[in-house]
Amino acid sequence: MLLPGETGVIVTLPEGAPSLTRLREMGLLPGTRVEFIRRAPMGDPVEIGVRGALLSLRDAEASLIEVETERVVGK
Amino acid sequence: MKATVYSEGLVYALVGNPNCGKTTLFNALTGLRQKVGNYPGVTIERKEGEFYSQHGVRLRVIDLPGAYSLNARSPDEAILRDVLLGRRPDTPRPDRIVCVVDASNPERNLYLFTQILELGVPVILVLNMVDVAERNGLRFDVERLAERFGVPVIPMVASQKKGLVELKVAMSRQELPSPKPLLDAMPVPVRGALVRARENLAAAGIVAATASPLEPLYLISGHDPTHYGIAPAAVAMIQLGREQLEREVPGWEDRLVAARYDAIHAALESVVRRPESASATLTDKLDTVLLHKVWGWLALAGTLGFLFYLIFSVVEIPVGWIESGFSALTAKITGTSEVPGWMPDGDLRSLVTDGVISGVSGVIVFLPQILILFFFIGFMEDTGYMARVAFLMDRIMSRVGLTGKSFLPILGSHACAVPGVMAARTIESPRDRLITILVAPLAACSARLPVYLLLIAALVPGKVVPAPMKAGILTGLYAAGIAGVFCFAWLFNRKLLPGAPSAMILELPAYKMPSFGNIARQMAGRAWMFIRRAGTVILGLSILLWGASTYPKLRNADGSLSEDKSAALAHSAAGRLGHAIEPVIRPMGADWKIGIGLISSFAAREVFVSTMSVIYNVEAEDDDDGTRRLRDRLAAERRPDGTPVYTPALCASLMVFFVFAMQCLSTIAVVRRETHSWKWPLFQLAYMTGTAWLLATAAYQLISTLSS
């Protein structure tokens, strides 16, 4: 589980869910580095940085992605 | 011999991810030689243009919708898939493909390119926005890339036309090499399963017997069970093929994606020099403010406030020109007592002035609002702010099953539902788009305002309505409209179109300077489409309504035409219809005179005020005095038993009716246009007007009971 500002590496994404297949196609694969940039002001959705692009996805999808925290940026 | 490869009218397809600058490139290539239309059956723009090659040969270019993958997840992507696979009878299969990638984000952009390379058609790769990529520390070795992919690679900055000549030279080449696919997309077991799937699909007539196995691949790996643009019978077949493939090769789809990214990674490893460390970009800095918990909302409120200022105030100026232009024309035709008009008095003149001209002006008068709203939408999309608005608003819209993308169409409908419904085109999910279109006309549009003001004035006895009370009631009416939008969106989401809520996966593109040329083209395209498609329906219905309120004519005892306009209107078909619906509207407190007003207000809500003026023989003048005179006349109106007609209960009932009722031919025409059937506008008419009647009746009965 990442916190805003943290970077991590994707460990697993459940297979088979159509919305997650699209996330895979947009480059979220096991081993890919992702940065949790921020939450929207109302808490959902979240903004992540992956392969040089900024993506917004909802908690419902984001929470399915298992991530290993790489290092804490700042603080 | 080469003429088969390179001939007059060779068709190029332009493909790429959203936000890769494809449209800018298309405009730079084809200039004004463009045709914009629609793909039949769907609301997706079909853009085709042409230009002359270095050798003076005419080349056709089809600008396909932006897409992330050939595994279609939206109707836009289904169009791309179907055109590239030659599945659309209305569009020729492209002979060659220009694939545009955003050079500042090469990995993700090249994913679609790896799929394009396998189609067996010559490909040209355009690395667009190389200037941005260089600033971000990315450099490309163009020759090595070209060698690796086996295709010409053209670095470009399309917005500055840099590299355009090189691209045209490449597109003019007699022969292009066959691309080298980055990987074998189909490992042996998948290929076997796909070939069997193709046989089944071909037997059912879904694909041609000669189709490449890629065709079943992209049909089967679609993301949505409805498989956009595919016949329902075929969907079951495809579903079957998908399950079979999954049984034979579990996890094949996800593994294929991973294999593509591995291949892209390997191809880029050798040629792209990565920056030592990425510094904060302009986009990062802007987002810290524009998506901030406090500043983000303020920026959004400021932007939308400015939009409303434009739509409510500035739009009055061109609307004034249009209206005075048309009334000057009408004056020329009718003439005055001194100067004879162009046409003699009579039915034909009445048809021209009251039917045709008022119908045409009723169409043209929407143009300023449509142009302003689409300028704004174009500006927000082109700069990249639009995606941020969806990001900020998504949480609120998700409560009723929509996404942040529905916010702007609904907000815009508070000015006018016509451009609001058209703006729903920006929503990819057909289900979300339909729900948005169905609820958008509940938003309190500006045409309701004169009716509200008249009814508020009539509601409150005395000379002047106290400002706080006026504001309070108005706010309540607007709030009722918003409540209606959310309640019905929730209801439709649950009951009418149940299904999995769409996952909002949205790219937040890097901010950039907008291209006013692109925006102007889009504005002109939308305006023209409105005039051509919806305008004709609005004009026809306006003439029909004119006929209903003119015929049959009222004659005096001596056979001459009656001069009494009020009596003539009561005598006409519309008047009789008013009488006919009286039993239906009586529970909400209305009589047949109001019935005529309600019927005529179907042309446009504000017509209610002028019709009431005619019915009560009040000189209709579009100013405060006119409203006041009409108000006084309404207050004096009595029932046969001597009690006042316009009681607070009736005024409240009418207000509630106008909040919810679908009384706008233009909106009906646009919804018909945007949903491609009469089913949804008629459903909308039924549910909105039904709700209006129920709630108006409830309001009337409740207030009458309480006050008696």
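# A tour of salt bridges and cavities

Begin by selecting B:R431 and B:D432, whose side chains meet in a salt bridge with an N to O distance of 3.4 Å. Both B:R431 and B:D432 are buried. Please note at the outset that this is a predicted model.

Next, display B:R81, B:D82, B:R87 and B:E215 together. Salt bridges that share partners join B:R81, B:D82, B:R87 and B:E215 into one network. Over all chains, a search of the whole structure finds 31 salt bridges.

**A pair across the two chains**

Now select B:D394 together with A:R58. These two residues form a salt bridge, and their closest N and O atoms are 2.7 Å apart. The pair crosses between chains: B:D394 belongs to helix α16 (residues 385-398) of chain B, while A:R58 sits in the loop between β4 (53-57) and α2 (59-62) of chain A. Are the two partners buried or exposed? B:D394 has a relative accessible area of 0%, so it counts as buried. A:R58 has a relative accessible area of 11% and is therefore buried as well, the cut-off being under 20%.

**A pair within chain B**

Move on to B:E428 and B:K405, which form a salt bridge with their closest N and O atoms 2.5 Å apart. This pair links distant parts of the chain, the two residues being 23 residues apart. B:E428 is found in the loop between α18 (417-423) and α19 (430-439), and B:K405 in the loop between α16 and α17 (407-412), both loops being in chain B. B:E428 counts as partly exposed because its relative accessibility is 37%, whereas B:K405, at 17%, counts as buried.

**The largest cavity**

The largest cavity holds about 60 Å³ of space. To find it, select the lining: A:E25 from chain A, and B:N71, B:Y111, B:Q115, B:L217, B:Y218, B:S221, B:W252, B:E253, B:L256, B:V257 and B:R260 from chain B. In chain B, the elements that each give two or more residues to this lining are α3 (106-117), α8 (214-220) and α10 (252-271). Which element gives the most? It is α10(B), with five residues. Colouring by class shows six nonpolar, three polar and three charged residues in the lining of the largest cavity. With regard to domains, this lining draws at least three residues from each of domain 1 (2-171) and domain 2 (188-248) of chain B.

**The second largest cavity**

For the last stop, select B:M422, B:R425, B:M529, B:F530, B:R533, B:A534, B:V670, B:R673 and B:E674, which line the second largest cavity. Its volume is about 50 Å³. The elements giving two or more residues to this lining are α22 (516-550) and α30 (665-675) of chain B. Of the elements, α22(B) gives the most, with four residues. What classes of residue make up this lining? Here there are five nonpolar and four charged residues, with no polar residues.

Definitions and conventions
Residues are numbered from 1 along each chain as its sequence is written. Chains are lettered from A and ligands numbered from 1 in the order in which they are written. This is a predicted model: local features need pLDDT of at least 70, side-chain atom pairs count only at pLDDT 80 or more; totals for chains, interfaces and linings use all residues. Side-chain values use heavy atoms; hydrogens and water are left out. A salt bridge is a side-chain nitrogen of Lys or Arg within 4 Å of a carboxyl oxygen of Asp or Glu. Buried means under 20% relative accessible area, exposed over 50%, partly exposed in between (1.4 Å probe, protein chains only). On a 1 Å grid over the protein atoms alone, a cavity is a set of points where a 1.4 Å probe fits but cannot get out, and a pocket is an open set with protein on both sides within 12 Å along at least five of seven lines; lining residues have an atom within 4 Å of a point. Grid points are joined across faces, edges and corners, and a volume is the space filled by probe spheres set on the points. Ala, Val, Leu, Ile, Met, Phe, Trp, Tyr, Cys and Pro count as nonpolar, Asp, Glu, Lys and Arg as charged, and the others, Gly among them, as polar. Domain bounds come from an automatic or database domain assignment.
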